[in-house]
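This report describes selected features of the structure shown below. It considers overall content, helices, backbone geometry and side-chain contacts in turn.

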Amino acid sequence: MVIDRNRQTTSSVMVHVMVALLPGLVVQVWLGDWRTLVVIGASTIGALLTEIVCTRSTRDLSDGSAAVTGLLIGLCLPATTPWFVCLVASIIAVAIAKHAFGGLGNNVFNPAMAGYAAVLLAYPALVVEFDTVSGATALEQLAHRGSTTIDEVSDSPAFGVFGAAMHEWINLAFLTGGLYLIAVRVISSLLPFCVIAGIGVTAFMLDDGGSSTSHGSPLFNWFAGGTMLAAFFIATDPVTSPSNRMGIVIYALGVGVLAMLIRKYSSWPDGFAFAVLLANCFVPLLERIGRPRTSTA
Amino acid sequence: MLERSSRAKPEFESIDWSELNSSTVLARIKDAGIIGMGGAGYPTAAKLASGLHYGTRHVIANGVECEPEVNADRSLMRQHLEDVLDGLRIVGRCLDCDRLTLAVSDRLTYRSFHESDIDEVSCEIVGDNPANGEERILIKTLFDHTIPSSEYPSQHGFVVLNVATLFAICEAVRDGYRPTDRVVTVFDEERWVDLATPIGNLQDAPAPVRLGSKATGTKVLADSALSLTTNAVARDHPERTRACIHCGWCDDVCPRSLPVESMLRAQQTHSRELDVDTHYDACFECGACVVACPSSIPLLDWIRQGKVAASTKRLKQRANERFERRNERVSRRLSEESSAREVRIQTPREW
């Protein structure tokens with residue numbers, strides 16, 4: 001047999017992921033704040049250093065998983081986050097969520113989300129998205145709006161053409177990157193589209209046409225907050241998602257539905273970190289439900 | 001053209017195979033010590049005898065070489081296609097079967113076959129994926145006929161022989177040579193190698209080696225020797241292995257839809273929690289999972305370990321059952337004896 005030229009290795013998978021993250025990163029820096037670069041730099045360097053300390057060698061850096069973890073944390077954290085908070089997030093991600101559980105392949109929780117959630121809870125005042133142009137983001141405004149209706153809120157400059165201002169373009173860029181990952185066959189299309197379906201269906205059911213409890217249309221929710229980043233880059237982490245079809249569908253729908261419920265019913269503006277971490281808990285269970293059977297032929 | 005070392009005089013007399021009878025040919029194949037050179041090493045004379053016994057409808061020359069980065073059969077066919085076809089004709093005559101098929105995955109051979117205008121053999125081209133060379137899957141692909149894994153293809157009227165085996169048959173019957181060399185892919189390069197050559201003689205510096213392809217070969221010591229069933233010698237790269245990231249690609253590519261990832265985990269963690277023992281025997285070691293694995297994990301090594309562990313477990317279980325039945329038997333006999341004694345003691349004697 002002639003070997004497939006498209007053969008992937010763990011390192012090449014991670015390189016594809018970094019390439020796919022580029023458009024989102026560029027849009028985020030261009031439309032937003034240059035300080036995003038500082039945040040991403042601090043978390044990536046933090047993750048790489050922690051990886052070196054934990055493995056006491058530089059051998060495992062080449063698989064790229066630490067770099068991707070740091071990059072994802074940097075993309076999740078708002079641009080105004082102080083650099084030491086980024087460091088704390090990446091140290092928790094790599095040291096506790098990954099290496100304390102046995103290193104690459106053995107972690108139960110998504111390292112990037114564990115680190116991000118930890119600083120979200122530890123430094124709530126420092127990790128608030130507050131962009132210089134429009135004040136609080138659309139999701140922030142929805143979460144803390146009191147009794148105003150969706151139409152009144154959506155007049156604010158935080159809302160864009162079809163999603164949240166600026167975030168709609170960032171989400172579109174991450175969607176493009178995600179489709180690239182599907183095209184080079186690093187991820188399957190099943191998982192991200194189930195996450196998007198979970199968001200869409202839940203948003204549709206919760207959307208009562210614009211009362212003060214409504215949380216916007218499916219379209220708005222797809223292009224607000226971190227939807228596309230989470231659907232294509234975070235939930236698809238192979239280590240912390242099920243590997244059988246049935247499990248993937250349940251897991252991905254769960255992430256979408258939970259994220260949407262957290263957006264609407266909690267005081268957190270965006271719920272992907274917690275949704276992914278909660279869904280991670282069920283992965284060992286899902287692995288057992290949908291185990292493939294042997295064909296006897 | 002690959003260089004072949006010159007050989008001594010033929011050991012046997014050549015047989016005029018157009019007027020042969022089956023028993024002469026079978027005896028010759030047996031004397032020449034020909035075994036399945038595709039890798040399984042099943043004695044060819046036994047396979048043909050079974051084909052005679054059940055009656056053969058199709059003889060298939062298996063040239064669908066699909067182990068990753070092995071091209072031994074391909075080069076053999078490019079160089080000696082006519083001899084391979086003669087081998088196929090000899091087997092067809094011997095089994096009194098005129099439906100002869102050559103299955104290949106190599107376009108070049110397929111094309112040169114069709115240029116050479118042969119009408120008693122048909123040539124089929126089969127996709128180049130890791131499972132297609134397995135004989136049951138090949139029969140399924142070519143004739144849409146399913147053979148359960150508990151039965152031999154010969155019981156269903158199919159005889160599948162590797163092209164290298166057919167070449168050896170042709171040389172043994174037509175020319176009278178015992179097989180003493182074969183084409184082997186040695187470190188990504190095809191060449192004729194004499195049998196029983198120590199592996200160490202093929203490389204400049206000692207390094208870990210696998211007998212067989214990179215994906216499906218078994219790890220061996222440097223002084224183990226080449227055999228008729230060795231189609232490749234490849235370098236082993238244990239240092240490239242990384243941790244399993246549970247991507248599930250191995251599960252996706254498995255032609256038997258085995259839960260490869262769960263099997264690996266069960267082996268690595270010695271867990272008895274997952275009931276995957278039954279899956280090991282279903283694996284026919286095509287190596288598709290090894291090729292797909294992004295972490296370069298030698299999955300087949302683990303699965304082979306699992307096969308051994310599963311069969312040991314079955315043996316233990318059987319021994320245990322035997323032991324328990326024996327204990328039961330002994331205690332029953334003891335209680336029967338003691339109750340008989342009781343009766344004997346209590347029966348009053350007549351005197």
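## Overall content of chain B

Chain B contains 11 helices and 9 strands. The coordinates come from a predicted model, and the values in this report are to be read accordingly. Of the 351 residues in chain B, 49% are buried. The accessible surface of chain B comes to about 17800 Å², and carbon and sulfur atoms contribute 49% of that surface.

Among the contacts in chain B with a separation of 6 or more, 66% are between residues 24 or more positions apart.

## Two positive phi values in chain B

Most residues other than glycine have a negative phi. Two residues of chain B are described here against that background. B:Ala196 has a phi near 65 degrees, a positive value in a residue other than glycine. B:Ala196 is placed in the loop between β6 (189-194) and β7 (209-211) of chain B. Its relative accessible area is 53%, so B:Ala196 is classed as exposed.

B:His246 also has a positive phi, near 55 degrees. This residue is found in the loop between β9 (232-235) and α7 (249-253) of chain B. The relative accessibility of B:His246 is 10%, which lies under the 20% limit, so B:His246 counts as buried.

## Salt bridges

Over all chains, the count of salt bridges comes to 22. One of them joins the side chains of B:Glu134 and B:Arg136, with an N to O distance of 3.8 Å. Both partners, B:Glu134 and B:Arg136, are buried. Another salt bridge is formed by B:Glu261 and B:Arg265, whose closest N and O atoms are 3.0 Å apart. B:Glu261 and B:Arg265 are separated by about one helical turn, because they are 4 residues apart in helix α8 (residues 260-269) of chain B. B:Glu261 is buried, with a relative accessible area of 3%, whereas B:Arg265 is partly exposed, at 31%.

A further salt bridge connects the side chains of B:Glu285 and B:Lys307 at 2.9 Å, N to O. This pair links distant parts of the chain: B:Glu285 lies in the loop between α9 (277-280) and α10 (288-292) of chain B, and B:Lys307 lies in helix α11 (residues 299-346) of chain B, 22 residues apart. B:Glu285 counts as partly exposed at 25% relative accessibility, while B:Lys307 counts as buried at 18%.

## Helix α5 of chain A

Helix α5 of chain A covers residues 111-122. Its 12 residues should span 16 Å at 1.5 Å a residue, and this agrees with the 16 Å between its end C-alpha atoms. Because 9 of the 12 residues are buried, α5(A) is largely enclosed by the rest of the structure. The buried residues are A:Pro111, A:Ala112, A:Met113, A:Ala114, A:Gly115, A:Tyr116, A:Ala117, A:Val119 and A:Leu120.

These buried residues pack against α3 (65-76), α4 (83-98), α11 (227-234) and α13 (272-281) of chain A. At the start of α5(A), a side-chain oxygen of A:Asn110 comes to within 3.1 Å of the backbone nitrogen of A:Ala112.

## A buried arginine in chain A

A:Arg263 is located in helix α12 (residues 245-265) of chain A. With 1% relative accessibility, A:Arg263 counts as buried. Its side chain is joined to that of A:Thr227 by a polar contact of 2.9 Å.

Beyond its neighbours within four places in sequence, A:Arg263 is in contact with several residues, including A:Leu139, A:His215 and A:Asn221. Among its other contacts are A:Trp268, A:Pro269, A:Asp270, A:Gly271 and A:Phe272.

## A nonpolar surface patch on chain A

Which residues form a nonpolar patch on the surface? The patch consists of A:Leu22, A:Val26, A:Trp30, A:Leu31 and A:Trp169, which together have about 550 Å² of accessible area. Helix α1 (residues 10-31) of chain A supplies the largest share of the patch, 4 residues.

A:Leu22 is placed in helix α1 of chain A. With a relative accessible area of 46%, A:Leu22 is partly exposed.

Technical notes
Residues numbered from 1 in each chain as written. Chains lettered and ligands numbered in written order. Predicted model: local features only at pLDDT ≥ 70, side-chain atom pairs only at ≥ 80, totals over all residues. Heavy atoms only, no water. Patch = residues over 30% accessible without salt bridge, like charges linked within 9 Å, V, L, I, M, F, W, Y side chains within 5 Å. Areas by Shrake-Rupley, 256 points an atom, 1.4 Å probe, with all protein chains shown as cover. Salt bridge = Lys/Arg side-chain N within 4 Å of Asp/Glu carboxyl O. Buried < 20%, exposed > 50% of the residue type's maximum accessible area, 1.4 Å probe, protein only. Expected span 1.5 Å × (residues − 1). Contact = heavy atoms within 4.5 Å. Polar contact = N/O pair within 3.5 Å; in protein donor to acceptor, adjacent residues only side chain to side chain.
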